[in-house]
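Hi,

Here is the structure I promised to pass along. Have a look first, and my notes follow below.

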Amino acid sequence: MPDMQSPVVVLVLSLFAGAIRVSTPYLFVSLGECLTEKGGRVNLGLEGILVSGAMSGYAASYLLGSPWLGVLVAGGVGLLFGCLHGLVCSLPRVSDIAFGIALMLLGTGIAFFLGKPFIEPQAPMLPSIDLGAWSTSPQLHNALHINPLFVIGIVLSIVLQWGLRSTRWGMTLRLVGDHAETARAMGYPLTRIRIAATAVGGCFAGIGGAYLSLVYPGSWNEGLSSGQGLMAVALVIFARWQPIQCLYAALLFGAAGALGPALQAVGVTHGYYLYNAAPYVLTLALMIINCRPDRTLAGAPGELSLTR
């Protein structure tokens, strides 16, 4: 049996635990954006929705005394912002890219304004599933402390992957996102389908925000998100618009985000803040690697504004 005190083992376990903790908001936001883009829309306002979800979830948990009610409220706030994006972008001559940026500023502004009273109070946190109670190793015990939202995210990615390929609603959404004129000729209500997809995508992003404030890091402050909503758009491109690949990509980004604390756990303290920039460096690297004419938008829905 490997020595649990070995620096290599500690580093691997810390990266494993950190990848799960850090990847969960990436997973929910990327799944939401994947669903939105499958319908032919791009929502750059996910950062604002994520921050609004974090604030509203934390506030609801504090005021109502239940973190799960906080998650529901955060999802509802994300749903409303997603509906707003879908409705406004259905109007003539409205750019989904431009309005997404406006929504990002609106969401973060509202969250910062309404969230000021909740910076100091401590709200109830979401409980975790302890899968490592059998172990006497603190490192292994910590690595196997998993939050239910991560498990829900895994199930959601599998269900979405299956649903988009094998169900009527999934094939309809893909048709709307790939060939709008064909879908219109077949009698499908394009506007309603896109609004629904964008609204559900916003709901997922709101839940991802609730994870930030109610699990990890587990507080509400104005610097909580660190651009994760914007990075999710790049993550979806890297995942080639496939929900199950969004799961793998989120874990990769999560491991990058956990690199700094994992190295600190084995005594590497020099360059700590530089290591914390690993997710942003990874985003740039993936964009450079994938920015080739033959693969940049391979698999992208045909109606996306990115492809037109």
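**What I found**

Of the contacts in the chain with a separation of 6 or more, 73% are between residues 24 or more positions apart (contact here means heavy atoms within 4.5 Å). Before you dig in: this is a predicted model, where local features need pLDDT of at least 70 and side-chain atom pairs count only at pLDDT 80 or more, while totals for chains, interfaces and linings use all residues. Residues are numbered from 1 along each chain as its sequence is written, and side-chain values use heavy atoms, with hydrogens and water left out.

The chain has 14 helices and two strands (DSSP runs, H or I of at least four residues for helices and E of at least two for strands, numbered from the N terminus). Of its 308 residues, 53% are buried (under 20% relative accessible area; exposed is over 50%, partly exposed in between, with a 1.4 Å probe and protein chains only).

On to the cysteines. A disulfide is taken as a pair of cysteine sulfur atoms within 2.5 Å, and the count is zero. Cysteine 203 is in none, as the nearest cysteine sulfur, in cysteine 83, is 9.9 Å away. Cysteine 203 still counts as buried, at 19% relative accessibility. For cysteine 246, the closest cysteine sulfur is that of cysteine 34, but 4.5 Å is too far for a bond. Cysteine 246 is buried too, at 0% relative accessible area.

Lastly, leucine 63 sits in helix α2 and is exposed, with a relative accessible area of 59%.

Cheers
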